[in-house]
Amino acid sequence: MNLSHKVLRQFILIAIILTIHVIHVHSQTIIPVETADNAVVLQAGVNGDVSCVYLGKKLRSVTEYGQITGVNRQADDYTGLYNSAYTSSGSRNLLEPAITVTHADGNNSLDLKYVSHEVKKISDDVSLLTILLKDPVYDFEVTLCYRSYFRENVIEQWSRIIHHEKGAVTLQKFASANINLQGNSYWLRQYHGDWAREMQPEEIQLSHGIKTLDSKLGTRANLFMPSVFMVSLDRPATEDEGGVLYGALEWSGNFRTDLEVDPQNDLRIISGVNNYASPYSLRSGELFETPAFLYTYSAHGKGFASRNLQSWARNHKLLDGKGTRLTLLNNWESTYFDFNESRLKELLQDTKRLGVDLFLLDDGWFGNRYPRNDDHAGLGDWQENRKKLPNGIAAIAREAQANQVKFGIWIEPEMVNPKSELYARHPDWVVKQPQRPEYYFRNQLVLDLSNSQVQDFVFQVVDSLFIKDPALAYIKWDCNAVIYNAYSVKLKNNQSQFYVDYVLGLYKVLQRIRAKYPDVPMMLCSGGGGRVDYGALQYFTEYWPSDNTDPLERIFIQWEYSYFYPAIASSNHVTDWGRQPLKFRVDVAMMGKLGFDIVVSKLNEQDLKFCQNALKTYNEIKPVIWQGDQYRLANPTEGSVASMLYVNADKDKAVMFNYLVNSRYGEGSRRPVKLKGLEPGANYRLKEINFYPGTNPLVDGRVYSGDFLMSLGFNPDVNTNRTSVVIQLELVR
Ligand code: GLA
């Protein structure tokens, strides 16, 4: 080939590339979803494939999103689908799919092409983007839904699946979201645990292939692993630096999140209901709507992401997120199952004396033929035990009123002990294999909530409590067992729908309860934190992070939860767990929604006085804790001191909690702790609060500028003599 030929060939090549590029730009549809700081950019290509081409910090000019794909020089994508916005399987796909179906004719292929999209403004803050996709061969469609919360930088993504084929289609996999991230490396922070060891973090660099986070437990599904996770880009994000995505599935059952580093080094995240043992049969014309996967991206580290998520929860998801909460005295650890009416009357007086709002009667108040005197019997028989409560709940409720405190009660309505009248009456309501031996978790079995009769029963358990006590002010809803031997009599030949239908049944009941009792506070408990997720939290005002209430342990557990859930939702009880002094225990419990589970009558005078004063202090500072922005200042896993700060929206009030988490000789806050989120130009008066009677606070009325506190910091003087220190900050006008 001579020179002129070479030039001519190059010229033709460039011309072809340019033409393709121009056509591409003109015929592609760019669909950006923007929030205050971020953008997810979807792109419908010439061939109708919809891709997720960008997720990160938003650009100044929307028009430039069209340039994104042009600057990538990645290896070949043999399918054109690696970054699909919803990867369908059985056609060109080579990687993990978001959706897999078996059509009515038995064919397994699916190819989803762009048809149209629409953006609806729902409020000032909230918009909904829907993208309609259709298979050109089969009458099968999926609508991708992106609800974006502008101010909070949060996106909820889910899909609506429907078909009009001649016969049922089986959904083999039906993810909520399929997103794509681009970085040089990916760092996953995930959580695992077990009873009393919830929210144990692990951080790893993701390698090529798939890392799966999942649960197959059915109920109490988070016992081993919750669906919340973080992925940092390029390096592990710190509190204030680095790009990091938080994700979680809004679903109270089996979930599955696949994180796949693909051949082009992109990270594909596909999250949804776990399809394990769950092919779902969808009739012609029937709509299947997946739960939402929620995510928030932060270019400024974990702290910014968590404050966004916490605000989102309070503003949009958590029941009564902007409202108030009740402090309480719970009798679980002070009596366990061993109480009667007169003991409860004493506890009601203690409730009043302590100064909390409510008395919460825990497990053990029900069952007659099979009295609930331990955890082997009685679950399911929600009638007052005549020996313990001869005059019923109504009498306790009256006594509460006489003491001017509110009354709340524990239930575990999804469960049944084999030793119960309910089990004898309705064996067909119980989840168990007809021909296999029963296998128990805490001596109990799960009721089949896919059955509408069971849904009615569970609703009535709650409804009847309000008949007994119309002023009932609080419910602790427990869920202590996982599902073994998954089988529903009701579902007959559709057993593979059980896990999904169970959760949908649970939500139906909760919706009915909320339609009739919209405001009553309910705690989401699950033998500890076995069921904390935003699917459930829209019906609950708070959750129980762990049965482990050792305050030292709680500092770590609450720390990890705080990345994902707001303090107002965290039920923290002062108990006798652990070896820390009472003040330490109370301080730790104050970092959320404060409650007590101790024997008040056994407190000495000083301790009682301290608790009473602590409640007064708490009532003053709780608006800052519940509604303020939370800043993690000193990480207990990195040093001897843990430090957490709450700052209100006006930045004129703040509370800083500090703890010694290492009891070795000489440990303490040697250096000052740098504060965050204050007004640099303003002056703040610092005062130690919640100190034990007879001790002298070391911090008294000193004034510092926000600038000083955030640049140099402040030393709370935490040491072996002062293992927990609470500092109040007030702006000096
Ligand atoms: C679970 C809860 C506890 C208590 C017991 C009662 O373990 O987490 O707080 O309510 O059940 O049986």
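Residues are numbered from 1 along each chain as its sequence is written, and side-chain values use heavy atoms, with hydrogens and water left out. Because the model is predicted, local features need pLDDT of at least 70 and side-chain atom pairs count only at pLDDT 80 or more, while totals for chains, interfaces and linings use all residues.

## Aromatic rings

A pair of aromatic rings is described by the distance of the centres and the angle of the planes. Here, rings of Phe, Tyr and Trp (its six-membered ring) pair if their centres lie within 6.5 Å. Planes under 30 degrees apart count as stacked, over 60 as edge-to-face, and the rest as tilted.

How many aromatic pairs does the structure hold? There are 36 of them. Helices (H or I, at least four residues) and strands (E, at least two) are DSSP runs, numbered from the N terminus.

Trp382 has 5% relative accessibility, so Trp382 counts as buried. Trp410 has 1%, so Trp410 is buried as well.

Phe498 and Tyr499 also pair. Their ring centres are 5.7 Å apart and their planes are at 55°, so this pair is tilted. Both residues are buried.

Some rings gather in a group. Tyr149, Trp312, Tyr534, Tyr543, Tyr561 and Tyr565 form one aromatic cluster.

Two rings have a charge over the face. The rule asks for NZ of Lys or CZ of Arg within 6 Å of the ring centre and within 35 degrees of the ring normal. Lys216 lies over Tyr276, at 5.7 Å from the ring centre. Lys388 lies over Phe339, at 5.1 Å from the ring centre.

## The ligand site

Which residues are closest to the ligand? They are Asp362, Asp363, Lys476, Asp478 and Asp547, out of 13 residues that surround the ligand. A residue counts as near if one of its heavy atoms lies within 4 Å. By class, this shell has four nonpolar, three polar and six charged residues. Ala, Val, Leu, Ile, Met, Phe, Trp, Tyr, Cys and Pro count as nonpolar, Asp, Glu, Lys and Arg as charged, and the others, Gly among them, as polar.

The table lists polar contacts, which are pairs of N or O atoms within 3.5 Å.

| Residue (polar side-chain atom) | Distance to an oxygen atom of the ligand |
|---|---|
| Asp362 | 2.7 Å |
| Arg442 | 2.9 Å |
| Lys476 | 2.8 Å |

On its own, the ligand has 310 Å² of accessible area, and the protein covers 96% of that. Such areas come from the Shrake-Rupley method with a 1.4 Å probe.

## Single residues

Two residues have a positive phi without being glycine. Gln404 has phi near 55°. Gln404 is placed in the loop between H5 and S22. At 61% relative accessibility, Gln404 counts as exposed. Lys651 has phi of about 60°. Lys651 is in the loop between strand S31 (641–647) and strand S32 (653–660). At 25%, Lys651 counts as partly exposed.

Where does Glu560 lie? Glu560 is in helix H10 (residues 551–562). With a relative accessible area of 3%, Glu560 is buried. Glu560 and Gln200 are 360 residues apart along the chain, and their C-alpha atoms are separated by 7.8 Å.

Trp577 is in the loop between strand S28 (571–574) and helix H11 (582–590). At 26% relative accessibility, Trp577 counts as partly exposed. Trp577 and Asp550 are 27 residues apart in sequence and 4.6 Å apart in space, C-alpha to C-alpha.

Asp262 lies in the loop between strand S15 (255–261) and strand S16 (266–273). Its relative accessible area is 1%, so Asp262 is buried. Between Asp262 and Lys166 there are 36 Å in space, C-alpha to C-alpha, and the two are 96 residues apart in sequence.

Definitions and conventions. Buried means under 20% relative accessible area, exposed over 50%, partly exposed in between (1.4 Å probe, protein chains only). A polar contact is a pair of N or O atoms within 3.5 Å; within protein, one must be able to donate a hydrogen and the other to accept it, and residues adjacent in sequence count only if both atoms are side-chain atoms.
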